[in-house]
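Reader: I would like to learn how to read charged pairs and helix packing in a model such as this one. Could we take one feature after another?

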Amino acid sequence: MPVQAHYFKGRATMTAKEVLETALEVVGGERASTHGSMLENHENIARLWNAYLYNKGELAASDVASMMELLKIARRKLGSLNRDDYVDGAGYAAVAYECAEAGENNEEPEPHPFDPERFRLTGDMLKDALK
């Protein structure tokens, strides 16, 4: 089903129904082949997170980034080779380091410039993503 582009404040948006339809297509389609068995993937993530959280008190920002890195590591075990799992994992490791270093020094991590255009979806981008 083609997605109808909707616009809010000049940006393409999706209705709640279209978000759910897209999620159904992705979970049952490309993600299943990329990440393998949903159950096995989440069991692997749970094992890694449980090991990480063993004897762990309150979580810090660096812990969250480290756990997201573990999610990417778990995904590498199943499905097909996915470059993003390695790139994203490295990114989460870098974020974890920056947050840990800032936490040790009791300071905020260096702000990164935010470019909203990087995250702006157009109707054509949505169509390409749904192909």
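Author: A salt bridge is counted when a side-chain nitrogen of Lys or Arg lies within 4 Å of a carboxyl oxygen of Asp or Glu. This is a predicted model, and in it the side chains of Asp88 and Lys72 meet in such a salt bridge, at 3.0 Å from N to O.

Reader: Which parts of the chain does the pair of Asp88 and Lys72 link?

Author: Asp88 belongs to helix 5 and Lys72 to helix 4, 16 residues apart, and the pair is said to link distant parts of the chain.

Reader: Is Lys72 buried or exposed?

Author: Lys72 counts as buried because its relative accessible area is 9%, under the cut-off of 20%. Asp88, at 31% relative accessibility, counts as partly exposed, whereas Asp85 is buried, as Lys72 is.

Reader: How is the packing of two helices described?

Author: Two packed helices are described by the angle between their axes and by the distance between those axes. Here helix 3 (residues 38-53) and helix 4 (residues 61-76) pack at an angle of about 145 degrees, with their axes 9 Å apart, and helix 3 passes helix 4 in a right-handed crossing.

Reader: How many nonpolar, polar and charged residues does the contact of helix 3 with helix 4 have?

Author: The contact has 10 nonpolar, 3 polar and 2 charged residues; among them are Leu48 and Trp49 in helix 3, and Met67 and Leu70 in helix 4.

Notes
Residues numbered from 1 in each chain as written. Predicted model: local features only at pLDDT ≥ 70, side-chain atom pairs only at ≥ 80, totals over all residues. Heavy atoms only, no water. Axes fitted to C-alpha atoms, helices over the stretch in contact; angles between N-to-C directions. Helix = DSSP H or I, 4+ residues; strand = E, 2+ residues; numbered from the N terminus. Left-handed = near helix turned anticlockwise from the far one by under 90°. Contact = heavy atoms within 4.5 Å. Nonpolar A, V, L, I, M, F, W, Y, C, P; charged D, E, K, R; others polar. Buried < 20%, exposed > 50% of the residue type's maximum accessible area, 1.4 Å probe, protein only.
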